[in-house]
Amino acid sequence: MNVLGVETSCDETSVSIVRDGNVVLANEVLSQIDIHKVYGGVVPEIASREHIKGITYVFDQAMKKANLNFEDIDLIAVTKGPGLIGSLLIGINAAKVISLNYGIPIIGVHHISGHIYANYIEQGMEFPILALVVSGGHTELILMKEHYDFTKLGETQDDAVGEAYDKIARVLGLEYPGGPVVDRLAGGGEDNLDFPRPMINSNDFNFSFSGLKSHVINTHHNMKQRNEKINIDDFCASFQEAVTDVLVKKTIQAKNKYKVKQVIVAGGVAANSGLRKKMKAKITDIPVYFPKMQYCTDNAAMIAAAGYFQYKKNGESDDLYINGYSRLDLE
Ligand code: KG4
Ligand code: ZN
């Protein structure tokens, strides 16, 4: 079954073709990062316009790369939310046009289910599975008892991890998106600033990163006012250690409680080298999976993979009234 995936929820225009949920025939991603960089973050109106400019080109490139025609496509899977509404609608409408023209069934896919299924491109699943979803908009622990069955165990009460990375990077004078830069600089620094580990001992699976973020920003501000020497690498290392300590500890607690067979990490922050290293070092009794680097940040291959399993589970497609949603519950 050839699934055409379409993802335009934020600032990446992406189209892909994935066969049977895990063989990627094409995964084209047109990133807008350089355009939004000058503003220090994604500007929604600009993102929508860039999607409009790029989408037909990305469709063409993906079909060429896969060496297929639209007649060879069995299902279209498009991100319906959550995300920037203007951006989502570009992908959804492009997908509808192909669906209507070629009589291909279409389904709307939850963006986070895409991030989760990114782990199973080229590897197998064994349930129950615990997924730690960490991105620019999400920080959640999710239990999956079977395909396309999601139970949220806990989530951030304020900032998402990626958001905290991007905000502290901005204060430290680093470029957008901050996550990858902080990660890189953390490699050369020391965890010597004694940052707090918020909610690390709470008896639930919730998180909080806004207090830690403020603590980092205030420490930086105070040192600057006192004319103290600031080592940016140490700030990055101390922040990264604090964040990953909390994420790993809560994941281990949930893993033990729900006796899962696999732990997976999903979303843009799954690219983080500190998180990858710590999670793999601390969990040795069951497999821990991270998506391949190219499937960590937003891409359409993960949407096609998730769409395949969603369609297989209930055999239902959507109609052409399918809409986009800025907020959307995974459960
Ligand atoms: O999943 P994603 O591409 O978009 C959302 O759905 O939000 O995630 C983007 C987020 C950004 O906040 C970015 O800074 C963060 O993922 N990120 C990282 C790394 N690479 C991307 N955060 C920490 N370390 C990284 N290596
Ligand atoms: Zn994402």
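Reader: In which element is His111 found?

Author: This is a predicted model. In it, His111 belongs to helix α4, which covers residues 111-117.

Reader: Is His111 buried or exposed?

Author: A residue is called buried when its relative accessible area is under 20%. His111 has 7% relative accessibility, so it counts as buried. Its side chain also makes a polar contact with the side chain of Glu7, at 3.0 Å.

Reader: How many salt bridges does a search of the whole structure find?

Author: A salt bridge pairs a side-chain nitrogen of Lys or Arg with a carboxyl oxygen of Asp or Glu within 4 Å. The search finds 17 of them. One joins Lys313 and Glu146, whose closest N and O atoms are 3.0 Å apart. Lys313 lies in helix α10 (residues 300-314) and Glu146 in the loop between β7 (139-144) and β8 (151-155), so this pair ties together parts 167 residues apart in sequence. Lys313 is partly exposed, with a relative accessible area of 40%, and Glu146 is partly exposed at 42%.

Reader: Which residue meets Arg197 in a salt bridge?

Author: The partner is Asp245, at 3.0 Å from N to O. Because Arg197 lies in the loop between α6 (178-186) and α7 (210-225) and Asp245 in helix α8 (residues 232-258), the pair ties together parts that are 48 residues apart in sequence. Arg197 is partly exposed at 23% relative accessibility, and Asp245 is partly exposed at 24%. Both residues also belong to a network of salt bridges that links Asp191, Arg197, Glu241, Asp245 and Lys278.

Reader: What does Asp204 form with Lys250?

Author: Asp204 and Lys250 form a salt bridge, with their closest N and O atoms 3.3 Å apart. The pair links distant parts of the chain, since Asp204 is in the loop between α6 and α7 and Lys250 is in helix α8, 46 residues apart. Asp204 is partly exposed, with a relative accessible area of 28%, whereas Lys250 counts as buried at 0% relative accessibility.

Reader: Which residues form a negative surface patch?

Author: Asp and Glu count as negative. The patch is formed by Asp20, Glu71, Asp72 and Asp74. Of these, Asp20 sits in the loop between β2 (12-19) and β3 (23-31). Residues in a patch must have over 30% relative accessible area, and Asp20 is partly exposed at 37%.

Reader: How far apart are Gly86 and Gly324 in space?

Author: Their C-alpha atoms are 8.6 Å apart, although the two residues are 238 residues apart in sequence. Gly86 is placed in helix α3 (residues 85-102) and is partly exposed, with a relative accessible area of 26%.

Conventions
Residues numbered from 1 in each chain as written. Chains lettered and ligands numbered in written order. Predicted model: local features only at pLDDT ≥ 70, side-chain atom pairs only at ≥ 80, totals over all residues. Heavy atoms only, no water. Patch = residues over 30% accessible without salt bridge, like charges linked within 9 Å, V, L, I, M, F, W, Y side chains within 5 Å. Areas by Shrake-Rupley, 256 points an atom, 1.4 Å probe, with all protein chains shown as cover. Charge placed at Lys NZ, Arg CZ, Asp CG, Glu CD. Helix = DSSP H or I, 4+ residues; strand = E, 2+ residues; numbered from the N terminus. Buried < 20%, exposed > 50% of the residue type's maximum accessible area, 1.4 Å probe, protein only. Polar contact = N/O pair within 3.5 Å; in protein donor to acceptor, adjacent residues only side chain to side chain.
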